Amino acid sequence: MRITRIENSKHVQERVLVFLEEGDPLRITGHELLQFGLYPGMDLSPQLVVQLQAAGQRSESRVKAAQLASGRMLSRKELTDKLSRKGIDPDTAEETADWLESLGADAFSGCAALETMKNMQALDQQVTIRSAMNAKNREEIEELAKKLVM
């Protein structure tokens, strides 16, 4: 499958839409855009499409979890149940709960997670998405990724 275009979502601020020749667009973040080195005209294997879908769902789950946990304290079970009801795969919901714990979100109060998500979103919004969407090939994407790591 070939990427025909990449653009910011008009409805979800931190989302990037990757349009393919066939099927629905992939919904990812600017982080995945750089991580996978995506650019218009790139050919994607079916395995890479599956990996991108999983990465997109992981990011969506983390954003939802941070939002849920920032409202009130939640138990791990409450958080995973709420994520599952919002359409997140149960395994991804468990992985997301692990991620929140790794950030030090005590009792999933979300403060640390929300601050981390805000920082990640700011980076995505200011640098990653705009630059990566204008990249014409993998070399430009790799150069952007190196600048972000330094």
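Predicted model: local features only at pLDDT ≥ 70, side-chain atom pairs only at ≥ 80, totals over all residues.
Helices H3 and H4 sit oblique to each other, and that follows from the angle between them: their axes cross at roughly 135° and come within 9 Å. An angle of over 145 would have counted as roughly antiparallel, so this pair falls in the oblique class. As for handedness, H3 passes H4 in a right-handed crossing. On the H3 side, the contact is made by Arg 76, Leu 79, Thr 80, Leu 83 and Ser 84.

Now take H3 by itself, residues 76-85. Which of its residues are buried? They are Leu 79, Thr 80 and Leu 83, and they lie on the same side of the helix, because the arc they cover around the axis is only 90°. Just after H3 comes Gly 87, with a positive phi of about 95°, and H4 itself covers residues 90-102.

Let's step back to the whole chain. The protein has 6 helices and 3 strands, and from the N terminus on the order is β-β-β-α-α-α-α-α-α. Of its 150 residues, 40% are buried. If you look at contacts between residues at least 6 apart in sequence, 52% of them join residues at least 24 apart.

Why call E2 largely enclosed by the rest of the structure? Because 5 of the 5 residues in this strand, 16-20, are buried. Both faces are covered, with Val 16, Val 18 and Leu 20 on one side and Leu 17 and Phe 19 on the other.

E2 pairs with E1 (residues 3-8) in antiparallel fashion through 5 bridges, and there Asn 8 stands opposite Val 16. E2 also runs antiparallel to E3 (residues 26-28), joined to it by 3 bridges, with Leu 17 opposite Arg 27. E2 and E3 make a hairpin with 5 residues between them, and in the turn Gly 23 has a positive phi of about 85°.

Note on methods: Residues numbered from 1 in each chain as written. Heavy atoms only, no water. Buried < 20%, exposed > 50% of the residue type's maximum accessible area, 1.4 Å probe, protein only. Helix = DSSP H or I, 4+ residues; strand = E, 2+ residues; numbered from the N terminus. Pairing = 2+ DSSP bridges. Arc of directions from axis to C-beta. Axes fitted to C-alpha atoms, helices over the stretch in contact; angles between N-to-C directions. Parallel < 35°, antiparallel > 145°, perpendicular 65-115°, else oblique. Left-handed = near helix turned anticlockwise from the far one by under 90°. Contact = heavy atoms within 4.5 Å.
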